[in-house]
Amino acid sequence: MSLFADIRRRLDLRPAKSLNLAGSPARLAPEASSTAQPSGRRDPLGTAGTDHSAYLAIAEALRDGADVVPASDETGRRLAADGISLVEALDGLSALYRSIAGGEPAFAAVRALSSSWAEASLVYLHSLSCEDPLTGLSSLAHLRSRLGELYREAEFRGTSVPQTHALVVVEPLNPPGTSPFDRELRLVDVAECLRIVFCGGDVLGRVGSRRAAALVGREPNLPEQVATVRALITQWRLDTDVPQLARIWIEGLPGSDAMAGRLLDELART
């Protein structure tokens, strides 16, 4: 019997009622605080000494008559990373619209900027802990620390991390219009599937707002384990016949700790 068949046999014994994997409502929707924000800050758009570059993409979209949503989404992430509060970010957006379009921002632009700002800020807050409070996945900082330990051990033992370990990366493919809340629930499902397959000493971490990754050994059965993860994620939901699609791949690790850190950053950004 294959690994997947055995796991499915055991999962079929679960009660038909969907499991509450997300925890209490308070855990799912922590109270927002207007005072808590990433480190560092800049003046909002329109004040002395302001760096206007974060809003350039929106400005170009307005002047060209293009869709402002993608530009607003990227701007929200950038402003959150720069330590700008949501109030300041929206003030800057409003000032930009008044100077170019002569009116208040479109609702779609406000929604996109606010949503991406919230996601980026949530990722930052999660990085302050070793564990993501919703999914139970290790934080990016913890995953980075464990990778550093592996590289130091490999140097001491004369082995090669790229030959002994790899990352199994999972990115749920959410349909257009999926809310941030529903994306979080998908990551909860992904985390459960990863724990079933990689139940040993593997580190399971969250990489950015949309991906999860397992730091695993390069065992001979790794391809079968990846196939099992893919099958579990696809069929995980008991309350729907719609396949839960996801991109899943084995990401090779580079030759040095510094390059591995850059790889994690790239996976977290894209």
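## Overview

Welcome to this protein, whose secondary structure comes to 11 helices and 4 strands. Helices (H or I, at least four residues) and strands (E, at least two) are DSSP runs, numbered from the N terminus. The model is predicted, so local features need pLDDT of at least 70, side-chain atom pairs count only at pLDDT 80 or more, and totals for chains, interfaces and linings use all residues. Residues are numbered from 1 along each chain as its sequence is written, and side-chain values use heavy atoms, with hydrogens and water left out.

Of the 270 residues in the protein, 42% are buried. Here buried means under 20% relative accessible area, exposed over 50%, and partly exposed in between (1.4 Å probe, protein chains only). Contact means heavy atoms within 4.5 Å. Among contacts between residues at least 6 apart in sequence, 72% join residues at least 24 apart.

## The sheet

The 4 strands form an open sheet in the order S2-S3-S1-S4, with antiparallel pairing. Two strands pair if DSSP finds at least two bridges between them. At the edges are strand S2 (203–207) and strand S4 (246–252), each of which pairs on one side only. Ignoring direction, neighbouring strands of this sheet are turned by 25° against each other on average.

Let us walk across the sheet. S2 is joined to strand S3 (residues 211–217) by 5 bridges, and Gly 205 stands opposite Ala 213 in S3. S3 in turn is joined to S1 by 6 bridges, and these two strands run antiparallel; Val 216 in S3 is the bridge partner of Ala 166. Between S1 and S4 there are 7 bridges, again with an antiparallel run, and Pro 172 stands opposite Ala 246 in S4.

## Strand S1 and Val 169

How many residues of S1 are buried? The strand is mostly covered, with 8 of its 8 residues buried. His 165, Leu 167, Val 169 and Glu 171 point one way from S1, while Ala 166, Val 168, Val 170 and Pro 172 point the other way.

Val 169 lies in this strand and counts as buried because its relative accessibility is 1%. Not counting residues up to four places away in sequence, Val 169 touches Arg 211, Ala 212, Ala 213, Arg 247, Ile 248, Trp 249, Glu 251 and Leu 267.

## Helix H7 and helix H11

Two packed helices are described by the angle between their axes and the distance between the axes. Axes are lines fitted to C-alpha atoms, for helices over the stretch in contact, and angles run from 0 to 180 degrees between N-to-C directions. Helix H7 (residues 140–157) and helix H11 (residues 257–269) pack at about 155°, with their axes 10 Å apart. That makes H7 roughly antiparallel to H11. For such labels, angles under 35 degrees count as roughly parallel, over 145 as roughly antiparallel, 65 to 115 as roughly perpendicular and the rest as oblique.

On the H7 side, the contact includes Leu 140, Leu 143 and Tyr 151, and on the H11 side it includes Ala 260, Leu 264 and Ala 268. The residues of this contact divide into 7 nonpolar, 2 polar and 3 charged. In this grouping, Ala, Val, Leu, Ile, Met, Phe, Trp, Tyr, Cys and Pro count as nonpolar, Asp, Glu, Lys and Arg as charged, and the others, Gly among them, as polar.

The axes of helix H3 (residues 56–64) and helix H5 (residues 86–100) come within 11 Å and cross at roughly 30°. H3 is therefore roughly parallel to H5. Ile 58, Ala 59, Leu 62 and Arg 63 in H3 meet Leu 93, Leu 96, Tyr 97 and Ile 100 in H5. Their contact holds 7 nonpolar residues, no polar ones and 1 charged.

Helix H9 (residues 180–197) and helix H10 (residues 222–235) pack at about 140°, with their axes 9 Å apart. These two helices are therefore oblique to each other.

## Glu 119

Is Glu 119 buried or exposed? At 10% relative accessibility, Glu 119 counts as buried. This residue has its place in helix H6 (residues 107–127). Leaving out residues up to four places away in sequence, Glu 119 touches Arg 77, Pro 180, Arg 183, Ser 209 and Arg 210.
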